[in-house]
Amino acid sequence: MSYQIPGLPDMEYVDRRKRSFIVQLYYREIARGVWITTKHFFRNLWKWSTFRKGGCVVLYPEETRPDMSPNNRGRHVLVQRSNGEPRCVACKMCATVCPAECITIEAEESADSNIQKKPKVFEIDVSRCIFCGFCVEACPVDAIRMLATTENLVGYNRFKMIYDKETLLNWNPVVNDDVVNGYNP
Amino acid sequence: MESSFLGINTVHFWTYLFLAGAIFMFMFLMGAVMSWSERKQSAQIQDRLGANRAAIPLPFGKKFAMLGFINNMADAIKCLVKENFNPKTENKVIYNMAIFFAFIPAVLAVAVVPFAGVVKPAVLFQAWYLKWIPWLPEYFANNLPDFSFRLQVANLNVGLLFIFAVGGINVFGAILAGWSSNNKFSMMGGMRSAAQMISYEVSMGLALLGIIFIYQNVDIWNLVQAQSELAWGWLPKWGIFLQPLAFFLFFAAAVAENKRMPFDMPEAESEIISGYFTEYSGFKMLLFMFAEFIEIVFVAIMLTTLFFGGYSVPWLLGNGFHFPWGGTIALSHASVVILQILSFQIKVFFFCWLLQQMRWSLPRFRYDQLMHLGWKILLPLAIINLIITIIIVALGGF
């Protein structure tokens, strides 16, 4: 009865194995499935009742993964010159290439006549950023880089997610004051 | 002190009012616990941690998360302050009434289930660990020395039939919600629910007929009493031992009645959005969900009462343990009552746990597989079980 496709061998392409009555009755299969989940349940429950963290999750703002890839695109940083000024020349190429349009730059005149411009305002809205890394590739002077880590990229307030120039110039991850602490796992 | 009001004994009135309130609260709290375990237990199964972020802030930077219970409260508050969306339906009355058709039967049917045996307050409060209660021991000892009551809200002699009659109303909630929502997905959910109920209620009823034949009773109280007797002097006459096949059939049918995971066709999220309560928002949706959780508890209570001896502890009689190998442990009346209540609760908790575990372990049936299981496998097995039971009972039984 089945439709024969020309050029293909005559065989069943749908797995219609005969299932035994026990399998169709489903009780043994339920017992097998529930046994596996029960093992997981009690293993995690035992871990939890001995004051360890059950499960294999990372509680993000408090913990970060130790095995983060060095190629990971994480937090943005602005690279400094030796005198502490940002290396950025306010060419706005990163703001132009940014697909999420999350970079805001306002330029001002630099004291150094060889550099001509420097950013007065340099803000990245991290809550809009998609971490594509285009800004890093577009930068002609290697002024913006991305760290491998994503430490403390959290905030209860969306305005706290807008990182300004001073924040970005600081290489150390900024600790937000509103990180959840003292949670109960 | 035999006062009465409108022909009702006052002490009886207050006792049963208290019992009804206590069991009502028990069902609601269990519903809340189930909605909590839906999150936490699934998390444990899937190697996650579950809800732990919603918390009440305390001084010194501490958070009071209560193992995720605060999340439930946040849920309720969120659902209360959400917009009350009303679809353009022809019949607003039925649309709003459907929630209660789904919600009330599960709570109501528990009224005939005994939570423990006969309680004699005058004797109960003589236990040394209950003496601290201020005036109750003296009151009962002085005024009502012979007063005793069953830990069961309504003592109907048609208990089992009452449970099925009330439980059958449950599906009207789904059908009416589906019909009155003016939404094709809701309608499909309601129809699926009705089809599923018919195909499983039959084998459920036939499986229970075996229980009725074995114990010759439909009164839940007498059923539990009969189950606490011993066969051959050592085996408790629990339903699981006398009717093992009926237990498995009833279990499958009860899960299907419950509209939980392997059989959750009426609200299959990936197929028909949310089934019959697609058009319900905010607190109405919460009530539907809550009704579902209470139904889990109800199914667990039914399994306990009909197949695991209800409150009965093996070899525990009114005055203590009488082991089949001859030993006895004398216990006070209060200890016996507490043991019976604990036994019932532990069994109910176990079945709630098992139902949750199954819900998070199993994939959904296809619709034709569901019908195949209901009509072609469970129904013939239920009939075979019934025939064998009738033959055994006719030949003299246990």
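Begin by selecting Gly275(B), which is found in the loop between H11 and H12 of chain B. The model on the screen is a predicted one. Is Gly275(B) buried or exposed? With 26 C-beta neighbours inside 10 Å, Gly275(B) counts as buried, because the cut-off for that class is 20 or more. Next, display the residues that Gly275(B) touches. Neighbours within four places in sequence aside, these contacts are Gly189(B), Pro266(B), Glu267(B) and Ala268(B). Then select Gln41(B) as well and draw a line between the two C-alpha atoms. Gly275(B) and Gln41(B) are 234 residues apart along the chain, and their C-alpha atoms are separated by 24 Å.

**A second residue in the loop**

Remain in this loop and select Ile273(B), which lies between helix H11 (269-272) and helix H12 (282-307) of chain B. Ile273(B) is not a glycine, yet its phi is positive, at about 55 degrees. Ile273(B) has 16 C-beta neighbours inside 10 Å and therefore counts as partly exposed.

**Helix H8 of chain B**

Now select residues 220-227 of chain B, which form helix H8. Which residues of helix H8 are buried? They are Ile220(B), Trp221(B), Leu223(B), Val224(B) and Gln227(B). Turn the view to look down the axis of H8(B): the buried residues fall within an arc of 160 degrees, so they line one face of the helix. An α-helix has 3.6 residues a turn, so residues three or four places apart point the same way.

Next, show what lies against the buried residues of H8(B). They pack against two strands of chain B, S6 (149-151) and S8 (235-236). They also pack against helix H6 (159-180), helix H7 (184-215), helix H9 (239-242) and H12 of chain B.

**A sheet in chain B**

Move along chain B to strands S9, S10 and S11. They form an open sheet of 3 strands in the order S9-S10-S11, with antiparallel pairing. Strand S9 (316-317) and strand S11 (328-330) of chain B stand at the edges; each has a single partner strand, so one side of each is left without a neighbour in the sheet. Select S9(B) together with strand S10, residues 320-322 of chain B: this antiparallel pair is joined over 2 bridges. For one residue pair, select Leu317(B), whose bridge partner in S10(B) is Gly320(B).

Proceed to Asp47(B), in the loop between H1 and strand S3 (56-57) of chain B. Asp47(B) is not a glycine, but it has a positive phi of about 60 degrees. Since 14 C-beta neighbours lie inside 10 Å, Asp47(B) counts as partly exposed.

**Where the chains meet**

Now select helix H2 (residues 27-49) of chain A and helix H1 (residues 10-45) of chain B. Their axes come within 7 Å and cross at roughly 100 degrees. H2(A) and H1(B) are therefore roughly perpendicular to each other. Thr37(A), His40(A), Phe41(A), Asn44(A) and Leu45(A) in H2(A) meet Gln41(B), Gln44(B) and Ile45(B) in H1(B). This helix contact has 3 nonpolar, 5 polar and no charged residues.

**Chain A**

Finally, select chain A alone. What elements does chain A hold? There are 5 helices and 5 strands, and from the N terminus on they run α-α-β-α-β-β-α-β-β-α. Of the 185 residues in chain A, buried residues make up 15%. Among contacts in chain A with a separation of 6 or more, residues 24 or more positions apart account for 65%.

Strand S2 (residues 103-109) and strand S3 (residues 117-125) of chain A run antiparallel and are joined by 7 bridges. Within this pair, Thr104(A) stands opposite Glu123(A) in S3(A). S3(A) also pairs in the antiparallel sense with strand S5 (residues 162-163) of chain A, over 2 bridges. To end the tour, select Ile124(A) and its bridge partner in S5(A), Tyr163(A).

Terms used:
Residues are numbered from 1 along each chain as its sequence is written. Chains are lettered from A and ligands numbered from 1 in the order in which they are written. This is a predicted model: local features need pLDDT of at least 70, side-chain atom pairs count only at pLDDT 80 or more; totals for chains, interfaces and linings use all residues. Axes are lines fitted to C-alpha atoms, for helices over the stretch in contact, and angles run from 0 to 180 degrees between N-to-C directions. Helices (H or I, at least four residues) and strands (E, at least two) are DSSP runs, numbered from the N terminus. Angles under 35 degrees count as roughly parallel, over 145 as roughly antiparallel, 65 to 115 as roughly perpendicular and the rest as oblique. Two residues are in contact if their C-beta atoms, placed from the backbone, lie within 7 Å. Ala, Val, Leu, Ile, Met, Phe, Trp, Tyr, Cys and Pro count as nonpolar, Asp, Glu, Lys and Arg as charged, and the others, Gly among them, as polar. A residue is buried if 20 or more other C-beta atoms lie within 10 Å of its own, exposed if 12 or fewer, and partly exposed in between; C-beta atoms are placed from the backbone. The arc is that of the directions from the helix axis to the C-beta atoms. Two strands pair if DSSP finds at least two bridges between them.
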